[in-house]
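Subject: Structure handover

Hello,

Here is the structure I promised to pass on. Please open it alongside this note.

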Amino acid sequence: MLSTSRILAALLTGLGIALIVGGLLAPRFLIGDGRLPLDLEHTTWTMADPAGEYEGETQPITRQLHMEVQNPSNREVASIRVGETLLAGASGNDFDNLVSAGTWTFSMDRRTGLPTGPLEVSNVMILPETEVAETGNWLKLPANAEKTTYEVFDSTLRGTAPATFTGEDEIEGRTVYRYAQDIPPTNLALRYADMRNTKTQVDPEGNQTRSFLYYTAQRELTVDQVSGLVVGVNEKVDTYYGDAQGGRVEDVLRYDGRMPEEQTAAMAGQLGGVFSQAQSQAITTAVIVAGAIMTLIGLVGALRPGYTKGRRRARASGK
């Protein structure tokens, strides 16, 4: 019958071997270079202002983005679909509150977050799909994001604007960086064709004046440092019709949308399996070393003959 010490040594050896095997296999299960995971559960960004303004009336405003990873996707590239809706009003029926809706599709490099080609947008009011060539990082910055400035895509602008690093924080045990994006008043009619980008005003005397849709935004992006995934968005948006010089003629939409903290926490918390390359290597090495030490101790305890013989001699002499 095996002694208790030999049983413990064998268990220690087995556990050590299991750790070594686990360390060797870890890179297959850990995302060790910050690339976009394909199985994210929380991929919705909701920015809400209960006291926004739409067409001159104070009412709740909600803008929402929902991202889906679709096929074909592989180790390097992910096929992305982003649904975008803008709601205004307190009605319980989203269709009654719908101001605009659209769907964006593109292919994204899972490490850099950059589109590998043009974006295509399909608007419920405009068919067919429109191709947008001016692209940049949108909902994901490069892995291992840096304290610098990135060109970040804005769907209303249909182009990019700089987002500058402003600070560092921690959410759900993850290091996050904050970036500020400031888009000055921009005449959208000069950027792309859309039936809503121009309007004709008629004064009391019947004189007609053509005006243009202007858009301005200040946005704060909260970004998981390792993966580059945007986990939080707060944005202050103002759109209005103005004259050719930018003078305000008619208000359209104004809101200060905040993303709920619990939604940001959920988005950051789901990234627990995403590590930087240095973190992944450190974890793998630590597990393998710990397993090797445990295996060595177990083998020494199980195979050392002197210890067993000494115990037998002690029992034979009555000591």
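Below is what turned up, strand by strand and then by pocket and core.

Keep in mind that this is a predicted model.

Start with strand β11, residues 208–224. Twelve of its 17 residues are buried, so by the cut-off of under 20% relative accessible area they count as covered.

β9 covers residues 174–187 and pairs with β11 in the antiparallel sense. That pairing runs over ten bridges. One point to find on screen: glutamine 181 has arginine 219 of β11 as its bridge partner.

β10, residues 198–202, is joined to β11 by five bridges, again antiparallel. Here threonine 200 stands opposite arginine 210. β10 and β11 form a hairpin, with five residues between them. Glycine 206 sits in that turn and has a positive phi of about 90°.

β12, residues 230–242, is antiparallel to β11, and twelve bridges join the two. Look for tyrosine 215, which stands opposite threonine 239 in β12. β11 and β12 also form a hairpin, with five residues between the strands. In this hairpin, glycine 228 takes a positive phi near 80°.

**Backbone points to check**

There is a cis peptide bond between asparagine 71 and proline 72, with omega about 0°. Proline 72 lies in the loop that links β2 (57–70) and β3 (77–88).

Which residue other than glycine has a positive phi near 50°? Glutamate 55 does. This glutamate lies in the loop between β1 (44–54) and β2. Is glutamate 55 buried or exposed? Its relative accessible area is 55%, and exposed means over 50%, so glutamate 55 is exposed.

Glutamate 172 is not a glycine either, yet has a positive phi of about 55°. Its place is the loop between β8 (159–171) and β9. Glutamate 172 is exposed too, with a relative accessible area of 55%.

**The largest pocket**

The largest pocket has a volume of about 740 Å³. Its lining has 35 residues, and the closest to the centre are Leu86, Val99, Ser100, Thr156 and Arg196. Which elements give two or more residues to this lining? They are β3, β4 (98–109), β5 (119–123), β11, β12 and β13 (248–257). So β11, described above, returns here. By type, the lining divides into 16 nonpolar, eight polar and eleven charged residues.

**The nonpolar cores**

In soluble globular proteins, nonpolar side chains tend to be buried together. In this model the largest nonpolar core holds 40 residues. Trp45, Val82, Trp138 and Tyr179 touch the most other members.

Leaving out residues up to four places away in sequence, tryptophan 45 touches Arg63, Gln64, Leu65, Met67, Leu139, Val230, Val231, Gly232, Val233, Met259, Gln263 and Met267.

Best wishes

Technical notes:
Residues numbered from 1 in each chain as written. Predicted model: local features only at pLDDT ≥ 70, side-chain atom pairs only at ≥ 80, totals over all residues. Heavy atoms only, no water. Buried < 20%, exposed > 50% of the residue type's maximum accessible area, 1.4 Å probe, protein only. Helix = DSSP H or I, 4+ residues; strand = E, 2+ residues; numbered from the N terminus. Pairing = 2+ DSSP bridges. 1 Å grid on protein atoms, 1.4 Å probe; cavity = no way out; pocket = protein on both sides within 12 Å on 5 of 7 lines; lining within 4 Å. Points joined across faces, edges and corners; volume = space filled by probe spheres on them. Nonpolar A, V, L, I, M, F, W, Y, C, P; charged D, E, K, R; others polar. Core = buried A, V, L, I, M, F, W, Y, C linked by side-chain atoms within 4.5 Å. Contact = heavy atoms within 4.5 Å.
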